[in-house]
Amino acid sequence: MVRNLASLSTLFAALAIFAAPTYSFQSKMQIASSPFGKTAAGQNVTKYTLTNAAGNTVEMIDYGAIIVSINVPDRDGKKVNVTAGFKSIDGYLGKHPYFGATVGRFCNRIAKGKFSIDGNAFQLATNNGPNHLHGGEVGFDKQMWSVAELKAETSVGLRFTLVSPDGQEGYPGKLTVVADYVWDNDSCLTISFSADTDKATHLNLTNHAYFNLSGPASGTVYKHELTLAADKYLSVDETLIPDGKFAAVKGTALDFTSKRAIGEKIADLKATNGYDHCFVVNGDAGTLRNAAEVVDPVSGRTMAVKTTQPGIQLYSGNFLDGTSANGNYKLHEAFCLETQHYPDSPNQTGFPTTLLKPGQKFKETTSYKFGVAK
Ligand code: BGC
């Protein structure tokens, strides 16, 4: 009996050794943190590295709730960073093109920085020609967020929280925003925003990551093949403010309803020097549905975007100028797929509302899933 027990325990020990690779695979999942420098006001900035079971990583900082890097394999298993970012805080403290940032209170444009709520007029900063862009002078991308770690069986993540005081950047209401960034073992990054306010206000949140699935310094994204689940886009004036019309993409350079290289018709878009358009995502807003798919035929990397938001802005890095302030990215060397409510919604009666009232909860979810083409 004793001998049998002894041999049983030998058997269990042997099984444990066989099971060990599974454990070490699981144990790759972790959240690590390291100092990333200081803000101009002397606040410490921390970088968090989320590692999934496949060893793929997402790095984020608590300044601006910014994605610094996303490292995923190509068809040969080689991992590179597929999103534009800076190696130290300095790049983020200067004027940069919103690399990886969580943008608010209102991403994209509001005409002349004006809106009214219940007869009260509000004036925001006009920081983009005559219009307001991406929350103003000191938007959410330039503020410190508090961070909590999110750990689950198949994912690691971060919960960023920001309290924006009443009147900040001219917006009414004390607004509390929570942004969860969850990186799962299938290399899907899910971003869930929620918010509430103590006075009626307008809100439109996005993440402004720039992608080049071939990695940094690999040239333009012209060969990337894009599919957008969008039959319509918002037609705009010369300052990129919508005129309220939903235009059909059919027969235009904006038709990505079937897979097409980003570079194929980009030269047609002379006024904007490339893509800078808000598309109407097919299907019901509020439901997590397919919005975009991207295939990089060079590396084999793919990215699929799903969202509950009504719109998606395709921006092809038309202002990237190769300077260090732009992370040395040149014209069209990265693109953004920013999910969002439509620009200028506060002034457009035909658009889904962006008004958030006390007692209401704002909720939007977007996911970016990385893979390799078969
Ligand atoms: C806008 C562009 C703008 C860019 C700034 C995009 O969301 O649509 O017009 O230049 O952000 O980085």
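Strands β19 (232–236), β22 (276–280) and β25 (311–315) each supply at least two residues of the lining of the largest pocket. β19 gives the largest share, three residues. This is a predicted model.

**The largest pocket**

- This pocket holds about 930 Å³ of space.
- Its lining has 41 residues. Arg109, Asn128, Leu133, Asp276 and Phe319 lie nearest the centre.

- About 320 Å³ of space lies in the second largest pocket.
- Its lining counts 20 residues, and those nearest the centre are Asn81, Gly85, Lys87, Pro216 and Tyr329.
- By class, seven of the lining residues are nonpolar, eight are polar and five are charged.

**The cavities**

- Rolling a probe the size of a water molecule over the atoms shows where empty space is left.
- The structure has three cavities of 30 Å³ or more. The largest cavity holds about 60 Å³.
- Among the residues lining the largest cavity are Asn108, Leu234, Val236, His277, Cys278 and Gln313.
- Arg109 and Asp276 also line the largest cavity. Both are among the residues nearest the centre of the largest pocket.
- β19 and β22 each supply at least two residues of the cavity lining. Here β22 gives the largest share, three residues.
- The cavity lining has six nonpolar, three polar and two charged residues.

**The six-stranded sheet**

- In what order do the strands of the open sheet lie? The order is β17-β26-β25-β22-β19-β20, and the pairing is antiparallel.
- β17 (210–211) and β20 (242–248) are the edge strands, and each pairs on one side only.
- β17 and β26 run antiparallel and are joined by two bridges.
- Tyr210 has Cys336 of β26 as its bridge partner.
- In a regular strand the side chains alternate between the two faces of the sheet.

- Is strand β4 (residues 66–73) largely enclosed or left open? Seven of its eight residues are buried, so β4 is largely enclosed by the rest of the structure.
- Strand β3 (residues 57–61) pairs with β4 in the antiparallel sense, over five bridges. Thr57 stands opposite Asn71 of β4.
- The hairpin of β3 and β4 has four residues between the strands. Gly64, in that turn, has a positive phi of about 75°.
- β4 also pairs with strand β5 (residues 79–81), antiparallel, over three bridges. Asn71 has Asn81 of β5 as its bridge partner.
- Asn81 is also one of the residues nearest the centre of the second largest pocket.
- The hairpin of β4 and β5 has five residues between the strands. Gly77, in that turn, has a positive phi of about 90°.

**The nonpolar cores**

- The largest nonpolar core has 62 residues. Ile70, Met303, Leu337 and Phe370 have the most contacts inside this core.
- Strand β13 (residues 175–184) gives the most to this core, with five residues.
- Another core lies apart from the largest one and has 21 residues, among them Ala101, Val103, Tyr210 and Cys336. Tyr210 and Cys336 are also bridge partners in the sheet.
- Which residues does Phe370 touch, leaving out those up to four places away in sequence? Its contacts include Ile70, Val72, Val82, Trp183, Phe211, Leu213 and Met303. Phe370 also touches Asp186, Ser187 and Thr302.

**Two loop residues**

- His341 lies in the loop between β26 (335–340) and β27 (355–356).
- Is His341 buried or exposed? His341 is buried, because its relative accessible area is 8% and the cut-off for buried is under 20%.
- Leaving out residues up to four places away in sequence, His341 touches Asn204, Gln309, Pro310, Pro352, Thr353, Thr354 and Glu364.
- Gly263 lies in the loop between β21 (260–261) and β22. Gly263 is partly exposed, with a relative accessible area of 22%.
- Gly263 and Leu226 are 37 residues apart in sequence. In space they are 9.9 Å apart, C-alpha to C-alpha.

Definitions and conventions
Residues are numbered from 1 along each chain as its sequence is written. This is a predicted model: local features need pLDDT of at least 70, side-chain atom pairs count only at pLDDT 80 or more; totals for chains, interfaces and linings use all residues. Side-chain values use heavy atoms; hydrogens and water are left out. On a 1 Å grid over the protein atoms alone, a cavity is a set of points where a 1.4 Å probe fits but cannot get out, and a pocket is an open set with protein on both sides within 12 Å along at least five of seven lines; lining residues have an atom within 4 Å of a point. Grid points are joined across faces, edges and corners, and a volume is the space filled by probe spheres set on the points. Ala, Val, Leu, Ile, Met, Phe, Trp, Tyr, Cys and Pro count as nonpolar, Asp, Glu, Lys and Arg as charged, and the others, Gly among them, as polar. Buried means under 20% relative accessible area, exposed over 50%, partly exposed in between (1.4 Å probe, protein chains only). Contact means heavy atoms within 4.5 Å. Two strands pair if DSSP finds at least two bridges between them. A nonpolar core is a set of buried Ala, Val, Leu, Ile, Met, Phe, Trp, Tyr and Cys residues joined through side-chain atoms within 4.5 Å.
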